[in-house]
Amino acid sequence: MVALQDLRNLNKAEIAAVCAELGWPRFRGKQVFSWVHEKGASSIDEMTNLSKEQRQILAAHYEIAPLVLLDTWCGDAGDTIKFLWQLPDGNTVEQVLMFYKDRVSTCVSTQTGCAMGCKFCATALCGKGRNLTAGEIVGQILLANGWCQKQGKPIITNVVYMGMGEPLANWPHVKKSLQILNDEEGLNIGWRRMTISTCGLADKIKQLAEEDFQLELSVSLHSADDKIRSALMPINERYPLSDLMAACDIFTEKTGRRITYEYAMFHEVNDSKKAAEDLARLLKGRLAFVNLIPANPVAEAGFFPAKSERIKEFVEILEGHHIAVAVRKSRGQDIEAACGQLKRRNHKKTQNQEINQTGKKES
């Protein structure tokens, strides 16, 4: 049996080419693209402005691959929702929706696990996993929009590639998904409403700088000291701070865009006065914004949140050096949807099932 291709994985030009090969007029390509990437159709049968015969012909070779919603969690405040999606191959990923007064933001996953091994991140517990296709990334947003519409809620306006996985380690598919989401005949999400978050793949940041994308870049920094950063983030052994900051400088020079540096604060790890002074020196003269994050509890990691007085002191030191800084309000801790927590609940649930079935945890 020939495997069907996922229409969500095709951009406008590719869908137009499919329709042209079938001998259909050009406007059919626009119709199909609209059904898939604007209206968020879940099947070819929904394309009612195509004849039944045309739908059958298209369905013989293509499909809209199903993402199955396995579970939904709603934060106590009602402003944060977490979805657990099952992909066609049985793998699962998580997605977070955050409702603000002026926007609806989503954190999407780009891999089923993560190979970066950050010591404070629950996704790292799942192992490397695999890359998501562009269609699987876009599918999260399309299906979340459908959920919002059914609930009478506004649809997504901002996309943050900050879910499970390292986006720049899956750049070809992430790049294609960005282009699909930005297409004016699709969801038409503006470049500046899309953010790539990376743990610091310096070579990929340089590559991103060469793209004609006016998107936002967020870099997980967490320390301005190589020794401490390496202890938190093994990627620092491959791309130490000197290499990372050189790549960030290239990005700023090429794009003119300010970079957000994420800094999760851990008790007696990276929250000292010296750590703040080191960070101020590192960012001095750079087009930078610091997002301080009170660390979220991930019991397996062995790190604890910095105390509020340390965070306040940290802010005062950075502001004293004229570094733009804000303390990010954590969202979704109660449903394990906050930074570093994704897939923890499902991973633990799977482990418990394995223990129940075999009497021991599978390796």
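1. Let's start with a helix on a sheet. Helix α4 (residues 134–150) lies across β3, β4, β5 (92–99), β6 (104–107) and β7 (158–161), and runs at about 50° to β5. For that angle, axes are lines fitted to C-alpha atoms, for helices over the stretch in contact, with angles running from 0 to 180 degrees between N-to-C directions. Contact here means heavy atoms within 4.5 Å.

2. A word on what you're looking at. This is a predicted model, where local features need pLDDT of at least 70 and side-chain atom pairs count only at pLDDT 80 or more, while totals for chains, interfaces and linings use all residues. Residues are numbered from 1 along each chain as its sequence is written, and side-chain values use heavy atoms, with hydrogens and water left out.

3. How far to trust it? pLDDT is the predictor's confidence in each residue, from 0 to 100. The chain averages 90, and 89% of the residues score at least 70. Over residues 347–363, though, the pLDDT is below 50, and beyond near neighbours in sequence this stretch has nine contacts in the model. Where pLDDT is low, the predicted coordinates should not be read in detail.

4. Now the overall make-up. The chain has twelve helices and twelve strands; these are DSSP runs numbered from the N terminus, with helices being H or I of at least four residues and strands E of at least two. Of its 363 residues, 52% count as buried. Buried means under 20% relative accessible area, exposed means over 50%, and partly exposed is in between (1.4 Å probe, protein chains only). Among contacts with a separation of 6 or more, 64% are between residues 24 or more positions apart.

5. Back to the sheet. Ten strands form an open sheet with mixed pairing, in the order β3-β4-β5-β6-β7-β8-β9-β10-β11-β12. Its edge strands are β3 and β12 (324–327), each of which pairs on one side only. Neighbouring strands are turned by 20° against each other on average, direction ignored. Two strands pair if DSSP finds at least two bridges between them.

6. Strand β3 (residues 68–74) and strand β4 (residues 80–86) pair in the antiparallel sense over six bridges. Thr72 has Phe83 of β4 as its bridge partner, and Cys74 stands opposite Ile81. The hairpin has five residues between the strands, and there Gly78 takes a positive phi near 80°.

7. Which residues of α10 are buried? They are Ala275, Ala276, Asp278, Leu279, Ala280, Leu282 and Leu283. These buried residues pack against α9, β10, β11 and α11.

8. Asp278 forms a salt bridge with Arg281, with the closest N and O atoms 2.3 Å apart. A salt bridge is a side-chain nitrogen of Lys or Arg within 4 Å of a carboxyl oxygen of Asp or Glu. Asp278 is buried, at 13% relative accessible area, while Arg281 counts as exposed, at 53%.

9. Other pairs reach further along the chain. Asp249 and Arg286 form a salt bridge, their closest N and O atoms being 2.7 Å apart. Asp249 lies in helix α9 (residues 241–255) and Arg286 in the loop between α10 (273–283) and β11 (288–294), so this pair ties together parts 37 residues apart in sequence. Asp249 counts as partly exposed at 32% relative accessibility, and Arg286 as partly exposed at 28%.

10. Arg310 and Asp271 make another such link, their side chains meeting in a salt bridge (3.0 Å, N to O). Arg310 sits in helix α11 (residues 308–320) and Asp271 in the loop between β10 (259–265) and α10, so the two lie 39 residues apart in distant parts of the chain. Is Asp271 buried or exposed? Asp271 counts as buried, at 2% relative accessibility, whereas Arg310 counts as partly exposed, at 29%.

11. A search of the whole structure finds 16 salt bridges, and Lys12, Asp183 and Glu185 are linked in a network of them. In general, side chains of opposite charge can pair when their charged atoms come close.
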